[in-house]
Protein chains: 4
Amino acid sequence: MDFTPSDNTLKFRKRLIAFMREHIEPIETNYHKENRRLNPDGNWRDWQVAPIIEELKVKAKEAGLWNLFLPDAKLGAGLSTLDYAPLAEVMGHSIIAPEIFNCNAPDTGNMEVLYHFGTSQQKQTWLTPLLNGEIRSVFCMTEPDVASSDATNMQASIVADGDDVVIQGRKWWSTGLGHPNAKFAIVMGLTDADAPKHQRHSMVLVPLDTPGVTIERMLPAFGEYDAPYGHGEVLFENVRVPKTNVIGALGDGFKIAQGRLGPGRIHHCMRALGAAEKALQLYMRRGQDRIAFGKPLLQLNGNLERVADMRIAIDQARLLTFYAAWKIDQVGAMKALAEISAIKVAAPNVLQKVVDEAIQLYGGAGMSQDTPLPALYAMARALRIADGPDAVHRATIAKVELAKYREA
Amino acid sequence: MDFTPSDNTLKFRKRLIAFMREHIEPIETNYHKENRRLNPDGNWRDWQVAPIIEELKVKAKEAGLWNLFLPDAKLGAGLSTLDYAPLAEVMGHSIIAPEIFNCNAPDTGNMEVLYHFGTSQQKQTWLTPLLNGEIRSVFCMTEPDVASSDATNMQASIVADGDDVVIQGRKWWSTGLGHPNAKFAIVMGLTDADAPKHQRHSMVLVPLDTPGVTIERMLPAFGEYDAPYGHGEVLFENVRVPKTNVIGALGDGFKIAQGRLGPGRIHHCMRALGAAEKALQLYMRRGQDRIAFGKPLLQLNGNLERVADMRIAIDQARLLTFYAAWKIDQVGAMKALAEISAIKVAAPNVLQKVVDEAIQLYGGAGMSQDTPLPALYAMARALRIADGPDAVHRATIAKVELAKYREA
Amino acid sequence: MDFTPSDNTLKFRKRLIAFMREHIEPIETNYHKENRRLNPDGNWRDWQVAPIIEELKVKAKEAGLWNLFLPDAKLGAGLSTLDYAPLAEVMGHSIIAPEIFNCNAPDTGNMEVLYHFGTSQQKQTWLTPLLNGEIRSVFCMTEPDVASSDATNMQASIVADGDDVVIQGRKWWSTGLGHPNAKFAIVMGLTDADAPKHQRHSMVLVPLDTPGVTIERMLPAFGEYDAPYGHGEVLFENVRVPKTNVIGALGDGFKIAQGRLGPGRIHHCMRALGAAEKALQLYMRRGQDRIAFGKPLLQLNGNLERVADMRIAIDQARLLTFYAAWKIDQVGAMKALAEISAIKVAAPNVLQKVVDEAIQLYGGAGMSQDTPLPALYAMARALRIADGPDAVHRATIAKVELAKYREA
Amino acid sequence: MDFTPSDNTLKFRKRLIAFMREHIEPIETNYHKENRRLNPDGNWRDWQVAPIIEELKVKAKEAGLWNLFLPDAKLGAGLSTLDYAPLAEVMGHSIIAPEIFNCNAPDTGNMEVLYHFGTSQQKQTWLTPLLNGEIRSVFCMTEPDVASSDATNMQASIVADGDDVVIQGRKWWSTGLGHPNAKFAIVMGLTDADAPKHQRHSMVLVPLDTPGVTIERMLPAFGEYDAPYGHGEVLFENVRVPKTNVIGALGDGFKIAQGRLGPGRIHHCMRALGAAEKALQLYMRRGQDRIAFGKPLLQLNGNLERVADMRIAIDQARLLTFYAAWKIDQVGAMKALAEISAIKVAAPNVLQKVVDEAIQLYGGAGMSQDTPLPALYAMARALRIADGPDAVHRATIAKVELAKYREA
């Protein structure tokens, strides 16, 4: 249980912070205004990427702050899950930072899947341009018509037909589907309902321009479309791709998903804690600068108590996330299920709580786009649902606890 | 402490429910789509009212479901604060209902101010068209640059100059400022910083087309602009109106504000509880209809416990609001300050909690505009800030409690 | 929904408060010391009633403050459930007050059972001396070996045998079993496991000196034996009483229990709220009188916020209890199940919360018998278990809510 | 940030667990009965130590499981704060275990003080017999008449007079004062009110048989006297001891106290978390074994969710405590103030929450001495007050956070 950051981590962390101070923080407010101007909500088909993002991506790549999430020493930075965790936290201070370092979901998860399970042809076609930041990708999992918290409900199908597989179904909340550079999706679907529970599903690579793929709309989360990414609803009707687009073999979907979700949840949680630190910093700033009844807000009521409780909550959740990351590195994600579930409950709830307090201190400004708080609230709220809702993770933890109890 | 609904209340309640079932519920989803199409966020200067709203207003007026909030038997329905409370709850089931019955904030509060404190000329000019639903109005109180929770911070000024008064300052979160029919604002500002604390401020009627009035932008709350109302930021530069536009006398602002806020908070809280009932109903529906792990969601985990806790919370807050309404009717708002503050803390927090639980059960759908939940969340979150943030109301309650303790 | 206190209630309330100020408050601290001296924990068989209690009972009876709980106008004061509620709250300010007014559990519930369901012989033998305060009684329901939250688990049996019934089984947490004046118990047990669910159980009157009745021990709740009452564990072995001791008929147990529990829960909850007011008063006192860091504790941290939250919580729970009482009076306890369950969850939790805060402000003194706080904590904690644990009541509320949803 | 347990820790942990399984768990229930028989609450002057305790102390000493808390390699086991933390957790599984391993408060803190600051004569006289477990000791800090949360309130005085110092004042909640082997107290008092804030107080060794020392009573915490230790109230009237009994110099009290409290709080918190694990284990056991409505309690309502939340809470608090321990080892307690305060808030609150849930599942049994739950509740509740109440620790955390914010 050694959470000491490696020299590599310390070095990257220092440089990330410097890069963000120099290049991201100063442009952030303007970026959001410009992005809203460029990409008004109604017309997602015309969304475009603000030029500054591409410029900063070039800078980040030149600075070697690129693909840090990928454990591979050559393609990424050779960092373990635990090594990368503090870097994900730093990136969490800004909503636009992860993409600038090519470390944003869902591309990171997709790159990991291709890295671990892709054929060399798949890697060449899809992984390389993703690693270069030239294209974006999508992960299609959640469906509108069933409770996706229970994977066995999944209705989309991926069925072999000669040299092809045929995909049918409807997916939504597929992040990145509105992005002008989004080129393909990894789609998960049911292949064989009679197979053993964890061998029923498959994952397949589907270029978004394949006939039968219809992107119907982008979904706002609390009014925010997250342009130019977007969270899309997409229909697959008789979509046919060659079998060589299947990742692993038909029936491997669940196995691949599990591997994908371990580190990905660490990333999500660490970014959430970075966001919580950002929100706490905003709380402190407002609390110090704004005066009511003759005192800075921080000196009023229980506001300093809240600071203490938020500090405790963030620090506890960070240590728990380090612990889960460390365990993934030690024994693999499959043996760290309860720990991963624990942080997936803890970290987003901490963020939601801290953001709610910060909003309260900011008053009207806290609800508007003059502060990042509504975006951080949406991030927290979505994260309590995405990648398994709280209830499913609590059930996993309880199941493991019960097993431990029975063995004891 | 008799909360028995009057015959009038029962009669109006029955008719309101019927009207909403017949005319509002069926069109609501389409209305929101149409409204978003008509009024894309970017162009508030072109906002318009969807025709269906005006049609339904005519129907509601014909049905006698009009201005029910106003205690006057002739201009309104002669209902006491307590009588009206259950009607406000019913209207809270739909976000668009209050306007259809000409019972929406801030117009109700402005009508009350004019009704109680307006000159006959002011009434004729402003109250009559408001009561007829022909125009909309705005209340300008909160300012961006100071903690408006502390009214003594207010920087906008209203100063006499000959037969005029001159208004200077900046206000924001002025609801209704984007409405095409918005004709005037009641502006609160500082007249005499050296007067006794509660005689420093004035309220003045300012037509929105007065030279010097610049509406700068509409503010989104959690991404929602609430078109065609909007929450605006407005600059008053050397704005000059005749002294006859002052409500009451210069220095009466605080006194008028207090009277305005009592019943208004009852309305807000009852609508919030109506919204909470709506959210609970959605929770039950999703919980019954959606299946995971072989069971309706309601049968999983602690979801039925949550139903019980939400039911308790809503019922308690409703009774407390009835109590505050009853007390206003008995002894006036000034002697019911602690009770009004109590519901202002209780009701919005109940709504926020219930909505949060409902979102969790709906998953992705709960964050999108496919459900009213994000709008209800924004309503709850805003209401914990508007009309005094939770902290200010808690301070009022504690102050009264301390006084009681000292007397005992 | 008229909660206006009747003239009778107002009159009795005034006199109760005066009696408590004059006779109970001044002696309370000494009473507890004396009671602990008289009745050291180890020797419950020698417990005795402190003479002051009997003296005050005489005074209370003379003052007409006697059996106020009983709806009968002749035997009691003719008060409805709602009428009595505010009086129960006043009695809740002191742990010893209820007995002094002959309004303490479980005697009140037992008197109600006898009043409503007893034969005239049973009334003469048992009810009359109870109403006179000459004897005490016990209610034997909960069993140690099964989850008593589920009444169908009950193992004790009451079986007819000729002219007798025979009782077998073990009960515990039978309050009053240690009292020197305890003469009989009402025992609930299983008569016919094959009967319809609500006709399986019976209630029978068992004199405590009947052969086969063995009181094994008194149970402390958080170290407190509540001498000279005590909460006992008792074994019934082949205990034989005549059939004339059965209350109602064999199989009527459940029906009688339901009737018993409605008003009884109102009493419990109102006393709990009285106790919460007492604890809040102690909080205020300590908060005003004790100085740290140069200020009264109340002025530090979030302590005034807590005052506000406690005030809101108490007032809400009180109104909800009035509502449940009113509903019992209107439609009977069986049709007010959800409302009764709601207060049974709400009120004890409010008390527990307020007491916990008060303990925190008192520091060490709050944990010791120098303050009533540990006794109030035990009261709250026990009440979340007794008469159905929180979970069972939440289930009832959710069940009713679900039925309402399905009908809507 | 390496929390990997050392080989020493692993070895001791294994042996501690084995010792507790073999020697402590089997006798615990009987011990408590016997202890209550031996030491009825009323007569603390006659309290005695149950022979089994002394027997087990001998066994523990022989097994080398003795004084593990002391960092000294010769007198203790040479364990760092972090090394010892997991051992304190194991000891926390049983309320009697710490003493058996000579690792119980307040003796550990007193030994640390003497070890770090004692003269060789003081060590010989007091430390050696303490390390041998031959005598017990007391720490007199808290006073009944002032808010001891604010150390500057302290009224007891320690004043030089010739070769002596004279102690005046009243202390309470002095743990161990009722122990038959208690030989001396370390008393903290005011020496010079005009000195700089942190140089006003002194600590002095006072044999309990010194003239002028009057132990007035033992205080129960939630009805529990914790015999044969007890928490006492003691009066010091003109108590005169030689200056050689002063620890360090006059005026060093605060400095010594700070050093004492760092590791001591780690011990308290880890024991609290061990107790929380014990309570969670009881929760699981009851939840599995007890059946209601046809299912084990664990399968009902939100009980499995609670398991998950308790697991998350315990694991988070443990990691935070490891972190605080690690920081003490790295930079000393004075630079780890915020971290120590954080765990002092977090751990006892986790314990209180878990115990409360366990009590609810146990019903009546959970409130009685048939389970350790009331004792664990008292432990949690007391720990939220002792060594600084939650509020003081929250203030420390907020202060450090504010300083960090200002520097950033």
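The model is predicted. Chain C can be laid on chain D by a turn of 180 degrees, and chain C can likewise be laid on chain B by a turn of 180 degrees. The contact between chains C and D takes 40 residues from each of the two chains, while 26 residues of chain C are in contact with 26 residues of chain B.

**Chain C and chain D**

- The superposition of chain C on chain D has an RMSD of 0.0 Å, reached by a turn of 180 degrees with a shift of 0.0 Å along the axis; that is the relation of a two-fold axis.
- Among the residues of chain C, the one whose C-alpha comes closest to this rotation axis is Gly223(C), at 2.1 Å.
- Because 100% of the interface residues of chain C are also interface residues in chain D, the copies meet through the same surface.
- The contact takes 40 residues from chain C and 40 residues from chain D, and the elements of chain C that give two or more residues to its side are strand E3 (164-175), strand E8 (291-292), H9, helix H10 (364-367), helix H11 (373-383) and H12.
- From H11(C) comes the largest share of the side of chain C that touches chain D, namely four residues.
- Sorted by class, the residues on the side of chain C that touches chain D divide into 21 nonpolar, twelve polar and seven charged.

**Chain C and chain B**

- Chain C is brought onto chain B with an RMSD of 0.0 Å by a turn of 180 degrees and a shift of 0.0 Å along the axis.
- For this pair, Asp2(C) is the residue of chain C that comes closest to the rotation axis, with its C-alpha at 1.9 Å, and the same surface serves both copies, since 100% of the contact residues of chain C recur in chain B.
- In the contact of 26 residues of chain C with 26 residues of chain B, helix H8 (303-331), helix H9 (337-362) and helix H12 (390-407) of chain C are the elements that give two or more residues to the side of chain C.
- H8(C) gives the most to the side of chain C that touches chain B, with twelve residues, and by class that side has 18 nonpolar, two polar and six charged residues.

**Domains of chain A**

- Chain A is divided into domain 1 (7-131), domain 2 (137-249) and domain 3 (254-407).
- The centres of domain 1 and domain 2 of chain A, taken over C-alpha atoms, are separated by 23 Å, and 19 residues of domain 1 are in contact with 19 residues of domain 2.
- On the side of domain 1 of chain A that touches domain 2, helix H5 (107-117) and helix H6 (120-131) each supply at least two residues, with the largest share, five residues, coming from H5(A).
- That side of domain 1 of chain A has nine nonpolar, eight polar and two charged residues.

**His267(C)**

- His267(C) is found in helix H7 of chain C, which covers residues 253-289.
- Is His267(C) buried or exposed? His267(C) is buried, because 28 other C-beta atoms lie within 10 Å, where the cut-off for a buried residue is 20 or more.
- Leaving aside neighbours within four places in sequence, His267(C) is in contact with Phe69(C), Ala88(C), Ala105(C) and Thr108(C).
- Between His267(C) and Ala336(C) there are 69 residues in sequence and 15 Å in space, C-alpha to C-alpha.

Note on methods: Residues are numbered from 1 along each chain as its sequence is written. Chains are lettered from A and ligands numbered from 1 in the order in which they are written. This is a predicted model: local features need pLDDT of at least 70, side-chain atom pairs count only at pLDDT 80 or more; totals for chains, interfaces and linings use all residues. Copies are superposed by least squares on the C-alpha atoms of residues with pLDDT of at least 70 in both. Two residues are in contact if their C-beta atoms, placed from the backbone, lie within 7 Å. Ala, Val, Leu, Ile, Met, Phe, Trp, Tyr, Cys and Pro count as nonpolar, Asp, Glu, Lys and Arg as charged, and the others, Gly among them, as polar. Domain bounds come from an automatic or database domain assignment. A residue is buried if 20 or more other C-beta atoms lie within 10 Å of its own, exposed if 12 or fewer, and partly exposed in between; C-beta atoms are placed from the backbone.
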